[in-house]
Amino acid sequence: MRLFFIQGGSRLKRDTNGDWYTDSNFNDSVWDRYKAFCDELVVVLRREERVYDSAYAKEHFSPINEAGMKLVDVPDLYSPVANFFNPVLRHQVKTAIEEAVKACDKAIIRSAGNYYVTYAGKCCRKAGKPYLSEVTGFIYEGLMEHGVLGKLKAVSYTHLRAHETPE
């Protein structure tokens with residue numbers, strides 16, 4: 001079985017040797033959790049354009065063991081902000097997500113609330129692929145911590161705010 005995985009927050013990083021890394025929130029034990037459910041894990045993450053020195057990357061990021069994985073790197077539509085309005089980059093992202101979803105049997109969509117995961121959910125529904133939404137926090141609160149653009153987007157999620165309990 002091929003399992004599609006997407007998360008919109010983390011970025012793929014590459015070093016001068018061509019090796020891939022992620023932020024520290026993904027490591028081998030996290031990837032192994034997902035790999036246990038499939039023959040191949042197809043991971044779609046946005047890529048950081050900067051190429052790091054291999055010694056620096058090994059010290060600061062989590063290396064990816066690509067055994068049992070297929071990495072699909074897509075452009076980062078959020079950095080710089082102008083990328084979000086670039087129709088060529090948006091088309092590249094959409095095409096990559098559509099193709100990856102079609103090629104898989106099931107999907108995990110992690111951390112709802114951004115363009116990548118929202119579009120992946122639409123693709124899964126359109127293709128009739130079963131998917132699981134892995135919730136890692138509250139959309140509203142998460143967006144409120146990401147500058148002016150995050151706060152503007154958070155307004156559309158006010159109905160999903162975590163309710164405070166009275167003292």
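Guide: Happy to. The sulfur of Cys104 is 8.7 Å from that of Cys38, which is too far for a bond. A disulfide is a pair of cysteine sulfur atoms within 2.5 Å, and by this rule the count comes to 0. Cys38, for its part, is in no disulfide. Both cysteines are buried, Cys104 with a relative accessible area of 2% and Cys38 with 13%. Here buried means under 20% relative accessible area, exposed over 50% and partly exposed in between, with a 1.4 Å probe and protein chains only.

A word on the ground rules: this is a predicted model, in which local features need pLDDT of at least 70 and side-chain atom pairs count only at pLDDT 80 or more, while totals for chains, interfaces and linings use all residues. Residues are numbered from 1 along each chain as its sequence is written, and side-chain values use heavy atoms, leaving out hydrogens and water.

Next, the secondary structure, where helices (H or I, at least four residues) and strands (E, at least two) are DSSP runs numbered from the N terminus. Helix α1, residues 28-35, has Val30, Trp31, Tyr34 and Lys35 as its buried residues. They lie on the same side of α1 because they cover an arc of only 140° around the axis, the arc being that of the directions from the helix axis to the C-beta atoms. An α-helix has 3.6 residues a turn, so residues three or four places apart point the same way. The cover over the buried residues of α1 includes β1 (2-15), β3 and β5 (69-74), among others.

Strand β3 (residues 40-52) also holds Arg46, which is buried at 8% relative accessible area. Its side chain makes a polar contact (a pair of N or O atoms within 3.5 Å; within protein, one must be able to donate a hydrogen and the other to accept it, and residues adjacent in sequence count only if both atoms are side-chain atoms) with the side chain of Asp76, at 2.9 Å. A polar atom of the Arg46 side chain also lies 3.0 Å from the backbone oxygen of Gly9. Counting contact as heavy atoms within 4.5 Å, and leaving aside neighbours within four places in sequence, the partners of Arg46 include Gly8, Gly9, Tyr78 and Tyr116.

Gly8, Gly9 and Tyr78 turn up again around Asn114, which touches them and Lys153, not counting residues up to four places away in sequence. Asn114 sits in the loop between β6 and α4 and is buried, with a relative accessible area of 12%. Its side chain reaches the backbone oxygen of Gly8 at 3.3 Å.

Tyr157, in the segment after α6 (147-154), counts as buried at 17% relative accessibility. Leaving out residues up to four places away in sequence, Tyr157 touches Gly113, Ile139, Tyr140 and Leu143.

One last stop is a backbone detail: a cis peptide bond joins Ser79 and Pro80, with omega about -5°. Pro80 is found in the loop between β5 and α3 (87-102).
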